[in-house]
Every structure is written in C-alpha cells, then in structure tokens.
Amino acid sequence: MKKNIIRFTACLLAASIAVGSAGISSSAAKKTSVKAKKVTMQVGKKKTISIKNKKKKAVYTFKSKNTKIVKVSKKGVMTARKTGKTKISVKEKLGKKTKNIGTVTVTVKDASVDKKKPQTTPAPGSPTTPPAAQTAAATTPAVPTAPAPTDVPAATTAPPSPIYPVIRDTPEKLNRRLDGVEYGEQITTTYYSKTTGKDRNAIIILPPGYTTEKKYPVLYLFHGGMGDENDWTGGGIRYMIGNMIADGEAEEMIVVLPNCRCREDDSAANADGFAAGHVQSFDKFLDDFRDNLMPFMEANYSVATGRENTAVAGLSMGGRVSLNIGIKLADRVGYTGAFSPAYGIFPYSANGLTEEGLFTEETFTLPEEYNYRTFLMINTGNQDNMVKEEPNRYHQALEKNGVHHTYFTLDGSHDWPVWRNGFYNFTRYLFHTQAENTPSAPGEPDPDAPVELKEIVSDVPTTFDRSLDDVTYGEVEKIEYYSTTTGKKRKANIILPAGYTTDKRYPVLYLLHGISGDENEWLDQGRPKYIIGNLIAQGLAKEMIVVIPNCRARANDQASSEFSLEHYAAFDNFINDLKINLMPYMKENYSIAEGRKNTAIAGLSMGARESLNIGLHMPETFGYIAAFSCGYGVFAYTANGVTEPGLFTEETMRLPDAYKDNTLLMLNNGTSEGGENAIGGTCHKALEKNGTPHIFYVTEGGHDFKVWKHGLYNFALQIFN
C-alpha cells in the first residue's frame, strides 16, 4: 500500500512540474465525498444526496440503514417516512473496486399524523370501483357504488389504509440484472409439512443487506398450474424485486416462493393438468400455508408479523390460491394480488372439469372490519383465452358486494408481460400507507386543524366577477391528459395564479360543471378567473390553481344534456378518472401543494352532485367541499324519465367522525329553485340530523350562474386558510 501511495504522489509531482502552476495536481487530488454529512428533513419530504467530485465512469449506490424512517432510491433521492434518525451509506464502484465514500446522517422531524392521534379509518364510504382498463381497449368503466359510511371496527392489528393506486407501465428492464444494483440472496430450502406428511420445497429471496437486527415484511408469491417454486425465478423475480427496492419503488421485504401443489406427489413434472385432484391440491395449500409455511418463516427468518406485514399474490392458479387465502385468512393477510386468476373461485365447467367453486358470488367478500383495511388487486390481459372472463367476473362480484379493490386490464394474453405488470403495480403499494394527509411543512395548513368558518357574504361586490384594470390575472392553460378510465385523452382547463412559479407550491381547487356543460362551462359563463383573481388581489383568498375538468368520464365525453342512466353514470365515474388520472397528472406537471388541507372540490348542479360524491367518499383527500344548487341523484328519485337509487340515503349523508371538524362543507341554493326545499336543503337537513358540521345558505336567484358564482365567491373566501 505504501509503494502505491509513493508512486501516486510521484506522478502528481511530475505532472505539477510539467504544467507549472496550472493547478492540475490540485484538481486530481480532490477526493470524492458526500456534500452534506448531516441532513434534517420533515416527514413526507424528499431530498437528493449530492456528491462532490464525482468520477465519470463510477457508479454510485445508496443504502438506508432504516427504510422505515428514510428510504433512498438508486439515484440518491431520500424520502422521509417517519420521525427518527438513520444513516445512508454511499458507495462508489469504479471498475472492480468498490469503496465507501461517506455516510449521511438523516434526522426526520415533525411527528406524523399517526403519532398526533390514533389513526382512524379513512373514508369508510370510499368508492369501491377500481381503476378502469389500463388500455384504450378497455370496456366502459363501471359506476362506483357507495356503501354506507359507517365506522369500521378496529382490527386486531394496524392494517393498510385504503389505497387508490396509479397503474403504470412495466419498466423496460424490470426483470434484468442492472449494474450498480445490489440483489438479495436467493435460498432454496425445505420445511416439514404436517398437511402432506413430508418435507416441501420453497425458495426464499432475502432483501439486500438482510440482517437479523431488523424485522422484514413478507410477500408469499404463488406459481401457476403447471409450475412449482421455480416458476417466478424463471420470470426474473430476484431482479424485479431488487430493482424496485433499489429504485425506491418497493419496501425491503422477504419474498417466499412455495410449491402450491399440496399433495404427496407435488412435483411439477408429474402435474396432471386439469384433473380434479391436481386442481384441488392447490386449494389445500391454504392449510399448509397457515399451519406450516408461515410458522417456519417466523421461526427461521427475521419476519415482521401481523396482517399489515403479510402479502400474498400469484399468477393463474396461483391467483386463485391468493384470492382463496386472502379472503379466508383476512385476519392474517393485509395485501392480496391476483394476476390472471384461474377458474374455480366460483362454480364453473371448463377444460373438461366441473367444480363447485370456493365461493359463491354472494360469499366472495371481506369481513366488514377488514374491507377498507385490505389492499386487493386483480389484473388480466385483454386477449387472455385461458381464464377468459373469470377475472372480470370476480371483479364484478367484489364490486356488487361493496369490497374495496382495484381491477385493471391491459393488452396481453395469459403470459409474463401481464403478470409482471401485475406484480409491479401490486408491489409498489405493499407495506406502507398511501395517505393523502401527510404532515404539513411549517406555514402550511395542518390537516387535522379544525376549520375556521367565516361569515357568508350576502351582498357580494358588484365588480366581484369583472376584469379590473388594477388587477393582474393568471393565465388559462388548456391541457390534455391520458385517461386510463376512459381509454382516451381528455381535456381540462387550468387557471394559474398571477405570477405562478415552480419555486412555490399552490393549493388546488377542482371546479366541476353541470349536466350540459364541459370543461369550458365555468370559463364561458362563471368567470372564475376574475372572481378568484380579484379575491387574491385583495388579500381575501389564498393563491391557488383552479382545475376545470370534463366530468363526463366515458368514451364519448362531448357536451350533452341527455337525461339517461348512462349519461349520469359517466358523471359518477369521474371519481375514478380524477383520482387515477387527473390528480396524478397535476402532481407531475404543476407545482402543487399536496394534502387534504391543500385540496378542494366544488361544482354546480350535476357537478355539485359529483363534488358531494367525491368529497364525502374521499375526505382523506379533500379538506374542502362545496355544492352549488345540487342536482338530482344524491338521494333516490324519479324525474325527467329517469329513476336512480341515489348515491346516499339520508342516514349515510355524513362525514366520518375523523373528518367532521377538520373539513369545510358548504351548500347553497337559489330562492326561486326551492331554497331550503331544493336538493341542497334536503342535504342540509340530513347533514344536520347526522351531526356533520357544514354551511348552508340560500341566495337570490334560480338554477343559474347568479347563484353559482355567489357560491364560488364565498367558498373561495373560506378555503386553504
């Protein structure tokens, strides 16, 4: 080592003599290191680790000692997850040599929402309709059902809260070994099965840097009808999970690949296809899983127990297995994924085989206490000729039974591209809560703070909706975003605040149109640019971004005044387009402030119906809700040749207790459209009866923009404070 140092110094000396005082020797001697060795962050925030004097051909890797506190991507982006302190080690690989170039000590401050008060179940009335098809070939999206928002009993362990995933394409190199990524150890093992009376095989994939000093959640991953424990290894699972962990898209976890053929002869070589005994041996695996495999893992590996740390997923027959286990063992499993799940959940006759089914369509449901505390996902290929319509049949039954779940389709058949995409989108949401109400930075609204109600302004200024010479207004941008819900590009208008800059983050108001309107109705007649711009200029309203979408979430979304169930269903389906497509688009393309106290929704007439539908079913996302002259459909009715059961009953029209005091809910009606006897007044009486704080007022006018602009003016005065 000393000789090497001497030679290196001699070379530098020679170089410095050769070039005089040009400073090359000084530059060459600069050491690669992290710029900041100590970093303080707030929960929910991100920071990138900076490296001084990077070498061009070097690969830099990052590893968090405690990903529960801070996780770090392969590009060095840190995400603060909960309060505490941890260290991030940074390594440099140059050629065959790897060395540690520094450690970043990260302190995460500000108690999370969980520690401020006991966590409550978000939005028990959340919509059950999952994301629609990922591709344009998708069928027409279903209408969300609205289960009664009753309080959900506490489960025995802290489960995942309701998750509304954004479905993404599979990364191109997901299942490939990548330079600079550390992969966990893959172990082939056996465990004794009392269920079969013999030793059985399993493959264990540990996370990189596995240590018994930590406890890891577990994903049990099941193979198809003709496979065994090696099925997923052939699909590249070790690289898939390793790449996702390295990129910060998945938690550190243990992946267990068992043999699901639970019988004495469990070899794939002797699998006998669609024979009854063979198929039903997969169903028997539930007993082996519960009584043998899970205890084996807990006894031999550093496993975090509890349903919040346990996931099951599988492809084809393995998807059938995961649904069977996930539903029947809901007290032990918090996450269930089924990729192209096979026949057999319900009675069927196919492939020369008839089975009674593991469930009926009525019994295929989760216990109430686990419904909104379980992440359940099903996907399938549009060209799948093996399982055909069975996955959709399972989805329809879950929807009918009010089970919170995600279902999506994509181009593909009964093959690995579909299963990898299912795995990717499922695994991205495992073992962490996708809460919208993350703690706020200093100066931002506290998501749990009680709302402060201001007086309703009865006599608005005569110029409140006019363009004034001394006021600078923001720009209106017309955008298009791709909607997986409708399988096409959709339009929206964005009103930016004056002086909009990406150096700031702005709260967002989503403003919804009526039955015959579209994204232009408010702009053409409601003048929100001037109403809100004038209030901001006077210091009476916060700077905000206003998003005016097309609420007709169907393939033909052109403006129409038709009175039909299909037309109304398109409006009700907008809740899916909003949360799956439009809100993620806004987050990606505009400088928005996140969290429920930075997110508002309001609408007129049919848009008011949808603002109540969305706001009351997603109170974890929206802290401010307004309905101006609410249209039919909130409650059961018959009118205009249409009969609907209603999105709510008078008993279920309410906010969950956790959101009663920290949500602003406003309704208004015009005097000549019925005043207190109009639908808004009926909503007011139901909310009052159910003890949900809100504002309701009547103003001069009918079912027209005079009333709706008055409502927008007063709502803008109240929000984001």
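**Exercise 1.** Is Ser33 buried or exposed?

Solution. Buried means under 20% relative accessible area, exposed over 50%, and partly exposed in between (1.4 Å probe, protein chains only). Ser33 has 15% relative accessibility, so Ser33 counts as buried. The model is predicted: local features need pLDDT of at least 70, side-chain atom pairs count only at pLDDT 80 or more, and totals for chains, interfaces and linings use all residues. Residues are numbered from 1 along each chain as its sequence is written, and side-chain values use heavy atoms, with hydrogens and water left out.

**Exercise 2.** Find which residues Ser33 touches, not counting residues up to four places away in sequence.

Solution. Contact means heavy atoms within 4.5 Å. With that limit, Ser33 touches Ser50, Ile51, Lys52 and Ile101, leaving aside residues up to four places away in sequence.

**Exercise 3.** How are H13 and H15 oriented to each other?

Solution. Helices are DSSP runs (H or I, at least four residues), numbered from the N terminus. Helix H13 covers residues 565–572 and helix H15 residues 606–617; they pack at about 45°, with axes 9 Å apart. Axes are lines fitted to C-alpha atoms over the stretch in contact, and angles run from 0 to 180 degrees between N-to-C directions. Angles under 35 degrees count as roughly parallel, over 145 as roughly antiparallel, 65 to 115 as roughly perpendicular and the rest as oblique. H13 and H15 are therefore oblique to each other. Tyr568, Phe571 and Asp572 in H13 meet Met606, Arg609, Glu610 and Asn613 in H15.

**Exercise 4.** How many residues of H15 are buried?

Solution. Twelve of the twelve are buried, so H15 is largely enclosed by the rest of the structure. Among them are Gly607, Leu612 and His617.

Notes
Helices (H or I, at least four residues) and strands (E, at least two) are DSSP runs, numbered from the N terminus.
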